Amino acid sequence: MELLRSNLHRVRIPDPTNRVYKHECCLTFDSPKSEGGLFVDMNSFLAFGKDCVDWNFEKTGNPVYLHIKHKKKPDPEDRPLKKPTLLAIGVDGGFDNHEAEYEEEYCIVILPDYANLPYPSADLPEKVRLAVDAVVRAEGAERKEQVASWTADKKLISEHALTLQQIDSGVIIPPSGWKCAKCDKTENLWLNLTDGMILCGRKNWDGTGGNNHAVEHYKETGYPLAVKLGTITSDLEGADVFCYPEDESVLDPLLAQHLAFFGIDFSSLQKTEMTTAERELDQNTNFDWNRIQESGQEVEPLFGPGYTGLLNLGNSCYLASTMQIIFSTRFFCSRYYVDQTLKSAFIAAPADPTIDLNMQLTKLAHGLLSGKYSVPVQEKDGSADAATNSIKQEGIPPRMFKAVIAASHPEFSTMRQQDALEFFLHFIDQVERMNASNPQLDPSRCFKFGIEERLQCPSGKVAYNSRQDYILSLNIPLERAVNRKELDDFHKLKTTRGVEDKEVCPRSPDEIVRPRVRLEDCLQNFSSEEEVHEFYSTALKSKTTALKTAGLTSFPDYLVLHMRKFVMEAGWVPKKLDVYIDVPETLDISFMRSRGLQPGEELLPEDVGDREVEVQKILPNEDIVSQLVAMGFNYLHCQKAAINTSNAGVEEAMNWLLSHMDDPDIDAPISQGGKRDEVFVDQSKVETLLSFGFTEELARKALKATAGDIEKATDWIFSNNAAGPSDMDATSSTSVDAALPDGGGKYKLIGLVSHIGTSTHCGHYVAHIYKDGRWVIFNDAKVGASKDPPKDMGYLYFYERIVS
């Protein structure tokens with residue numbers, strides 16, 4: 001006790017602003033359930049496993065720790081299996097993971113000799129008791145930062161429900177026997193609460209569901225609310241009410257009287273249909289629904305180094321699938337596992353290692369590759385028969401890594417699904433920035449390569465445009481499908497017999513004939529010659545049609561191919577191409593090598609003056625300016641804020657002001673030349689263009705050129721696909737990309753990320769990786785030997801250069 005009293009100055013009582021870590025080691029994935037338990041530093045409130053706590057003592061000198069150990073309680077045999085009612089994990093009503101229950105044990109430990117004092121104890125100094133009590137009561141920072149939940153938000157009361165005007169047309173709704181007024185559908189029916197029309201719901205991505213008659217009725221009439229028949233019971237809060245203008249499931253506090261208007265006695269109705277949330281739950285609880293996840297097959301679970309799963313934190317599969325493949329590359333393995341120990345990363349880290357990307361990458365690498373956490377556990381499925389329970393692994397939760405990587409990209413900190421491609425590019429960008437002072441240690445360089453575009457105008461003169469990238473994004477030329485005849489026959493059959501004919505329409509997805517395109521044709525399409533209209537030729541002093549070809553100035557160690565499966569249909573509606581890609585095990589891209597300016601070629605002359613685009617001067621909106629001035633901002637600054645945000649609004653202008661207060665030219669007079677030094681670009685519009693398959697640089701450039709209009713920006717991209725000579729680097733490509741890795745053009749397939757769903761921002765991602773002579777499926781925490789890797793269904797393909 002005297003030893004503790006002599007170190008009281010090292011003990012702090014956490015206040016509500018302090019982050020307290022008590023569920024997971026900051027340097028490893030040890031937890032209170034681990035054999036050595038967890039040690040919470042009573043000064044910094046960081047947590048360390050048994051193997052790491054000595055390092056923290058050496059680095060900080062903090063000697064007093066709260067030791068937390070969880071001991072498993074006996075599992076009651078009659079524990080009921082509860083059905084989830086929320087898209088959440090670890091909360092009331094969420095998914096039951098069949099996790100064992102634990103009892104917590106605490107004690108005070110003083111380093112370096114590990115002197116042990118019991119807790120709770122009346123003999124402890126008051127400061128220690130208060131400090132430990134606060135830590136025990138505190139919600140762990142790990143769980144604050146990463147709540148394991150899906151995107152099911154609490155339903156809100158709809159304003160349309162409160163002001164709904166119902167039309168008395170004599171309609172009385174019977175208690176059963178419903179049918180769509182416009183087709184023969186008898187399921188998935190919605191009652192419009194304005195006029196009493198019963199119509200079928202939306203058609204699902206796989207062809208099931210309704211025929212869209214309910215939503216089409218809203219578009220024709222504007223009647224805003226509908227309730228799903230079959231979900232109405234005496235518990236009216238459980239009824240599925242949808243508001244079309246808000247495009248959300250909502251609460252209708254007046255639902256009882258709205259139903260009574262049509263003669264419906266809700267107290268006698270029985271539930272016969274799933275609500276929208278329940279259907280989403282059903283898909284999540286039965287995720288293994290197609291070949292990507294190799295459902296219906298007994299997948300042999302794998303354990304050991306390199307076979308560790310990643311726990312799904314709530315729609316984090318995009319992160320898990322991408323990081324599994326990244327840490328299968330030798331450069332990332334070497335940088336963060338072989339060549340860097342956990343201790344060395346910790347010593348180099350700042351005071352809080354949880355916010356250090358290098359530390360958290362090293363932690364993730366050691367967690368995935370060491371095999372320490374890839375051990376079999378008995379997974380309970382709720383069955384009383386132990387023989388039916390399967391052997392799985394728990395997986396490691398990448399909470400701290402996700403928090404760090406999301407710090408500079410707020411969207412990744414949400415529980416919403418994200419685009420695996422966007423995450424890959426963001427992650428690579430962060431790694432490159434972190435290693436900027438020592439690029440030779442940068443493992444992201446293994447993905448980097450140069451792209452060169454060659455343009456030739458009718459004058460015969462050429463221009464070259466060079467850039468660097470980490471992914472090769474490929475359009476899919478459906479016209480080159482190798483099963484053209486089968487496709488034509490299938491579509492002819494549907495046209496002849498009718499899409500609704502039950503005998504013609506396939507009942508199984510396996511019976512549908514999909515286009516099958518060779519990957520080699522996608523690559524050829526990238527390099528093939530295409531026309532660029534409205535190209536300004538500085539040689540001809542006019543717009544003309546130029547010919548463009550593209551190639552690679554260097555071949556990376558790892559080639560990442562992105563298949564542009566998401567395209568835009570008429571009306572700017574995104575659509576996922578239902579297509580197979582024939583992907584070879586080995587690939588030769590030698591034909592894609594670009595050689596730069598060739599002997600005898602003449603560059604287009606630079607004539608920037610003729611290319612200068614006059615930018616219409618934007619005058620500041622005085623309403624925005626006056627509101628900002630009323631807040632106490634400088635009038636000139638407010639004018640600049642309005643101009644630089646294109647008069648988008650007060651909030652946008654204020655955000656610009658707050659981030660540019662320290663600009664050296666903030667007090668300079670507004671330029672009268674008609675050009676703005678900086679143009680505000682709405683990030684949500686950038687992300688919309690990114691979902692179309694455009695690069696972020698091109699998306700921003702297009703939005704700036706079109707004052708933020710997405711439709712005009714898309715047209716701008718297609719009509720200005722090539723920049724003028726003033727924007728180009730016509731130097732020799734070999735000098736431009738001399739620092740990039742390069743080698744032969746032969747590659748072998750080592751991994752792919754596949755996507756299930758209608759959009760990159762919903763659904764599920766799964767990785768398949770070639771390891772130790774076999775294909776392995778990484779489906780979040782599930783890791784097993786793959787029997788049928790879906791190589792023709794990939795979204796991202798990873799190839800490794802073959803070194804002869």
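Analyst: Helices (H or I, at least four residues) and strands (E, at least two) are DSSP runs, numbered from the N terminus. This is a predicted model, in which local features need pLDDT of at least 70 and side-chain atom pairs count only at pLDDT 80 or more, while totals for chains, interfaces and linings use all residues. Residues are numbered from 1 along each chain as its sequence is written, and side-chain values use heavy atoms, with hydrogens and water left out.

User: Where does Gln598 lie, and is Gln598 buried or exposed, or partly exposed?

Analyst: Gln598 sits in the loop between strand S23 (586-588) and helix H17 (608-611). Buried means under 20% relative accessible area and exposed over 50%, with partly exposed in between (1.4 Å probe, protein chains only); at 34%, Gln598 is partly exposed.

User: Which backbone oxygen lies 3.1 Å from a polar atom of the side chain of Gln598?

Analyst: A polar contact is a pair of N or O atoms within 3.5 Å; within protein, one must be able to donate a hydrogen and the other to accept it, and residues adjacent in sequence count only if both atoms are side-chain atoms. Here the backbone oxygen belongs to Gly596, 3.1 Å from a polar atom of the Gln598 side chain.

User: How many salt bridges does the structure hold?

Analyst: A salt bridge is a side-chain nitrogen of Lys or Arg within 4 Å of a carboxyl oxygen of Asp or Glu, and the structure holds 27 salt bridges.

User: Which residue meets Glu602 in a salt bridge?

Analyst: The partner is Lys461, with an N to O distance of 3.4 Å. Glu602 lies in the loop between S23 and H17, and Lys461 in the loop between strand S13 (449-456) and strand S14 (462-469), so the pair ties together parts that are 141 residues apart in sequence. Glu602 is partly exposed at 46% relative accessibility, and Lys461 is partly exposed at 23%.

User: What forms a salt bridge with Arg516?

Analyst: Asp792 does, the closest N and O atoms being 3.4 Å apart. This pair links distant parts of the chain, 276 residues apart: Asp792 is in the loop between strand S27 (782-785) and strand S28 (794-801), and Arg516 is in strand S16 (residues 516-518). Asp792 counts as buried at 11% relative accessibility, whereas Arg516 is partly exposed at 24%.

User: Which residues are linked in a network of salt bridges?

Analyst: Glu453, Arg467, Glu530 and Lys548 are linked in such a network.
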